[in-house]
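Please look at the sequence and the structure before reading on.

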Amino acid sequence: MAPLITNIYTADPSAHVFEGKIYIYPSHDRETDIQFNDNGDQYDMADYHVFSTESLDPAAPVVDHGVVLKTEDIPWVSKQLWAPDAATKNGKYYLYFPARDKEGIFRIGVAVGDRPEGPFTPDPEPIKGSYSIDPATFVDDDGEAYLYFGGLWGGQLQCYQKGHDVFDASWQGPKEPTGEGVPSLGARVGKLTEDMRQFAEEVRDVVILAPETGEPILADDHDRRFFEAAWMHKYNGKYYFSYSTGDTHYLAYGVGDSPYGPFTYGGRILEPVLGWTTHHSIVEFKGRWWLFHHDCELSKGVDHLRSVKVKEIFYDKDGKIVTEKPE
């Protein structure tokens, strides 16, 4: 499977259908001399491009709309524009992005535009009450919008175990809870205000339940616990929360009856790819369902130089995501 985008390195693709086209909002990977470490310092991204295509036929052109937002444009940011997402509501388009503030703490910002390809004007401050990385927006059928976020290790999610507004610096680095019976840390979710620029409520924990126990997945269950890369989509009235397991390199998902969860673990969507990270989005386009993801094949295995790919996915009669078309 060839990369969708080859003119620059791209990762963490958030794909949406806007105005009848697929728009892709990825990270923009770049060359760096920063050595690999488990804090993710080598992922030193500094701007965002937006891409679009009218077809997912391999021969169809993918348009690069150029730089739509860069570090220098955002007053509160010091570095590391990591995985973004986008949404539309009330005729405007919103680009959500994580970055380190001037103190080195990850926050989530929002930039607003009139078109899906931007340009986007950032708010001068991050979203109040936001922290960690990997924002993913979901606008439900009733018009209510939600923002999911969070990532372990370099993403700093584990630094907020004392409360949503208490950053514990002693947990920085490749750390997370461990121990017999200790539940895993979940992503976070909060409903957004009508103007899409703040939380309308205190954020909540996203709980993933083990189907065999009905209890939260445990911290030491690295094959199934949430690590980063939250995504939400809806199919047949059910809410599908998907995510990366990080150091075990799977894409997995759970299913629930509410955008808040809880979500019962449903299985894997993607096995490990070449490269440490795995990050995705799921979107319906012209009656078919697509998994956007990335790997490091184009860069021959350089972890921080990734390329976006896409593959079709399916559902079986029970609503389970499968990678081969059911008979």
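On a 1 Å grid over the protein atoms alone, a pocket is an open set of points with protein on both sides within 12 Å along at least five of seven lines, while a cavity is a set of points where a 1.4 Å probe fits but cannot get out; lining residues have an atom within 4 Å of a point. Grid points are joined across faces, edges and corners, and the volume is the space filled by probe spheres set on them. The model is predicted, and local features need pLDDT of at least 70, side-chain atom pairs count only at pLDDT 80 or more, and totals for chains, interfaces and linings use all residues. Residues are numbered from 1 along each chain as its sequence is written, and side-chain values use heavy atoms, with hydrogens and water left out.

**Pockets and cavities**

The second largest pocket has a volume of about 190 Å³. It is lined by 15 residues, of which Ser184, Leu185, Gly186, Asp205 and Val206 are the closest to its centre. The largest pocket holds about 470 Å³ of space. Its lining has 20 residues, and those closest to the centre are His16, Phe138, Val139, Met232 and Val283. Strands are DSSP runs of E of at least two residues, numbered from the N terminus. At least two lining residues of the largest pocket come from each of β1 (9–18), β6 (85–89), β10 (136–139), β15 (228–235) and β19 (281–285).

The whole structure contains 2 cavities of 30 Å³ or more. The largest cavity has a volume of about 280 Å³. Among the 23 residues that line the largest cavity, Gly40, Tyr43, Trp82, Glu228 and Thr277 are the closest to its centre. The second largest cavity, of about 30 Å³, is lined by Ser14, Ala83, Pro84, Asp134, Pro135, Ala230, Trp231, His279 and His280.

The table gives the linings by class, where Ala, Val, Leu, Ile, Met, Phe, Trp, Tyr, Cys and Pro count as nonpolar, Asp, Glu, Lys and Arg as charged, and the others, Gly among them, as polar.

| Space | Lining residues by class |
|---|---|
| Largest pocket | 12 nonpolar, 4 polar, 4 charged residues |
| Second largest pocket | 9 nonpolar, 3 polar, 3 charged residues |
| Largest cavity | 10 nonpolar, 8 polar, 5 charged residues |
| Second largest cavity | 5 nonpolar, 3 polar, 1 charged residues |

**Nonpolar cores**

A nonpolar core is a set of buried Ala, Val, Leu, Ile, Met, Phe, Trp, Tyr and Cys residues joined through side-chain atoms within 4.5 Å. Buried means under 20% relative accessible area, exposed over 50%, and partly exposed in between (1.4 Å probe, protein chains only).

The largest core has 57 residues, and Tyr96, Tyr148, Phe226, Phe241, Ile269, Ile282 and Ile321 have the most contacts inside it. Strand β11 (residues 145–149) gives the most to this core, with 5 residues. A second, separate core has 18 residues, including Tyr25, Leu69, Val77 and Phe97.

Contact means heavy atoms within 4.5 Å. Beyond its neighbours within four places in sequence, Ile321 is in contact with His233, Tyr240, Tyr253, Ile269, Ile282, Ile313, Phe314 and Tyr315.

**Leu251 and the cysteines**

Leu251 lies in strand β17 (residues 251–256) and is buried, at 0% relative accessibility. Leaving aside neighbours within four places in sequence, its contacts include Tyr243, Arg268, Ile269, His279 and Leu291.

The structure holds 0 disulfides (pairs of cysteine sulfur atoms within 2.5 Å). Cys159 is buried, with a relative accessible area of 1%, and Cys296 is buried at 1% relative accessibility.

Terms used
Helices (H or I, at least four residues) and strands (E, at least two) are DSSP runs, numbered from the N terminus.
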